[in-house]
Amino acid sequence: MASKVEIAAPVEAELPQLFGLAKATFTGLPGWSDARVLEVLERAVIFVAREQGQPAGYVALRPEEGGAIVVEQLFVAPGHERRGIGHRLLAYAEGYAIAERARSLRIVVEESNEQARSFYRRSGFVPVEPELFELILPSSD
């Protein structure tokens, strides 16, 4: 039986923990940068998925000129994969973007990351450039 997952804004004390989880998972992979991840965690709109009260993942969002909201980072912590947490975080981000009257949700996905590309396609995103995926949001007008 799956445990309950709650999604909400992080408490300040969780930010170092989120960074530590991401760093432990991705250090050494192409494109990893401590400074970049810390910058995103400090300035982006963050929502944390908690399972049994512990961070299980997060999504980091930022508004972009032209009415889009960019998914800067979407991370599911080791041991919490394949439980729908990534989909729940993405759905939460979509709801947030709609509430903010954004035109679309966008994410950059490396061409070599077929697992992530497949995840975003299954979630309704379409490629609009080689590494840019977009989900057009319903208009509230």
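In this predicted model, the lining of the largest pocket draws at least two residues from each of seven named elements: the helices α1 (14–26), α2 (34–43), α3 (85–99) and α4 (114–122), and the strands β3 (54–64), β4 (68–76) and β5 (104–108). Strand β4 gives the most, supplying seven residues to this lining. The lining comprises 42 residues, and the pocket has a volume of about 1,600 Å³. Nearest to the centre of the pocket lie Phe26, Leu74, Asn113, Ala116 and Tyr120.

Aromatic rings come next. A pair of aromatic rings is described by two things, the distance of the centres and the angle of the planes. The model holds five aromatic pairs.

Where do Tyr58 and Phe75 lie? Tyr58 belongs to strand β3 and Phe75 to strand β4, so their pairing ties together parts that are 17 residues apart in sequence. Both partners can also be placed by accessibility, with buried meaning under 20% relative accessible area. Tyr58 has 2% relative accessibility and therefore counts as buried, and Phe75, at 3%, counts as buried too.

Aromatic residues also gather in a cluster, formed by Phe47, Tyr92 and Tyr96.

Note on methods
Residues numbered from 1 in each chain as written. Predicted model: local features only at pLDDT ≥ 70, side-chain atom pairs only at ≥ 80, totals over all residues. Heavy atoms only, no water. 1 Å grid on protein atoms, 1.4 Å probe; cavity = no way out; pocket = protein on both sides within 12 Å on 5 of 7 lines; lining within 4 Å. Points joined across faces, edges and corners; volume = space filled by probe spheres on them. Helix = DSSP H or I, 4+ residues; strand = E, 2+ residues; numbered from the N terminus. Phe/Tyr/Trp six-rings, centres within 6.5 Å; stacked < 30°, edge-to-face > 60°. Buried < 20%, exposed > 50% of the residue type's maximum accessible area, 1.4 Å probe, protein only.
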